[in-house]
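Here is the note you asked for on this entry. Please read it with the model open beside you.

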Amino acid sequence: MTDPRDKSYVPASRFTSRQKVAQSGRIKVSKGAWVFRVLVILALLVFMTYMIQRGWEAQDPFLLAGIIFPIHAVNALVIGWIFFKSPATGKLGDDLVTVIIPVYNQHGMIETVVDAIFRSTYKNLEVVAINDGSKDGTTDALNKLAAKYPKLKVIHKKNEGKRKAIASAFYNSKGTFLVFIDSDSVVDENAIAELVRAFKGDPKVGAVVGLAKVWNSHKNTLTKFQDVWYDNSFNIRKAAESYFGSVLCCSGCLSAYRRETIASYVPYWTKAKVPLADDREMTTYVIAPKKGKQLMTPTTKNMMKWMSNFDDAEDRSLTGQALMQWKAVYVPSAVVYTEVPDAMKIFLKQQKRWKRGTLRVNFFVSGFFWRRNPVMSLLIFYMEFMYMFISPLLVVTSFIYEPLVLNNYWAPMIILAGMILTGIAQGVDYKFRDPGSKYWHYKPLETLMFAFVHCWLIFPAIWSLRKNDWGTR
């Protein structure tokens, strides 16, 4: 990956992001954008009606199942566009905020990351960087930064994984609010203040996630695909989840928690003993808060016990823990720029790890999530969870079985048209929200890439469920 300290390296997204949040809390768009949105919803509804009609006439259950993707897309678009408002409404105050940075082999990036944190407009900070046994010169870089910034506490430890690095930082911190930043992510100067405003605006908010923009989006086609993917993931999906106070993953690149939200969960990370081999003994038992216990079935408790042992989705597991009795929300005005993989091999490795962690956490969350909001749970969470498993089957049946066995050559054309239509709608909307976007037109191709490539990662994710690792490189 590119060294961001190279002065010839210009992070495109850092200078082109022009997305704004209105005083109402909604992401600003023009009147023309709202006309476009109405037309998109109508077009998707017509398309789904047509699919249902053709599937019913042909008595084709596979074609009928194909409407799951557009239904999920319409749900997220309507809720994210119409109902979502930013929760960053409170007055700041002067609470101590602890910024935690788990670090492993980030010599080329860590100085940029730390410098950005200390440029924050929110000043009552303590910063704890945990060096998890880095071998690339990160140790020396952190020591120099500690001499530069008195409020930076650096802890060097042997390599034990991300969750134990975070746990070490937790016990060496005093902040009322805990902000987690990945060691390859650069925060905007107002980001931390916006996260705090969300906590101050609602005492029931226990977890907050900011908007991640791609730091190296200009690099190649793969990073441009990820630029449009990140936009939709945050400004549509997380916005829709946030309306219900139920963001499912407060991403590690920039997330924040009330201290008491995770205080009863983090200690089990320090006790869990997960070998580097395939053994996945469940050696710990996470005791949920009182309200959480009432929502948990015995199976859910066992899933929580298992989930706490792994590093591949610690952000999702922390969010899952918080969701048992708190709100988890999205703040689009808290911006972070994160470096993404620029090689397909590394990207697929990252995505497999994320999907593996998502599986674990979703199995845990599914035991109680339906009680939070039945409508949201069905239309967004459970539908998407189901789609993870059936999407490969839908691809095979739609593009191989239907035309080659049933001679329904029109079936793959309909499915393909739905994917492209959805991708175009999401891409154009990205341009409306962020006029500085350079890669919005990549969204239809990214939709197809994820539909035909990304969905198959469910199989290696399942096969490697017992594996424990963190880091992408």
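This is a predicted model: local features need pLDDT of at least 70, side-chain atom pairs count only at pLDDT 80 or more; totals for chains, interfaces and linings use all residues.

1. Residues are numbered from 1 along each chain as its sequence is written, and side-chain values use heavy atoms, with hydrogens and water left out.

2. The protein has 19 helices and 8 strands, these being DSSP runs (helices H or I, at least four residues; strands E, at least two) numbered from the N terminus. Of its 473 residues, 59% are buried, where buried means under 20% relative accessible area with a 1.4 Å probe, protein chains only.

3. D60 sits in the loop between α2 (31-57) and α3 (61-65), and D60 is buried, at a relative accessible area of 4%. Beyond its neighbours within four places in sequence, D60 is in contact (heavy atoms within 4.5 Å) with G55, E402, L406 and N408. From D60 to L406 there are 346 residues in sequence, yet the C-alpha atoms are 9.9 Å apart in space.

4. Q226 belongs to helix α9 (residues 221-243) and is buried, with a relative accessible area of 0%. When residues up to four places away in sequence are not counted, Q226 touches V214, V340, P341, F347 and Q350.

5. Across the protein, 83% of the contacts between residues at least 6 apart in sequence join residues at least 24 apart.

How values were computed. Buried means under 20% relative accessible area, exposed over 50%, partly exposed in between (1.4 Å probe, protein chains only).
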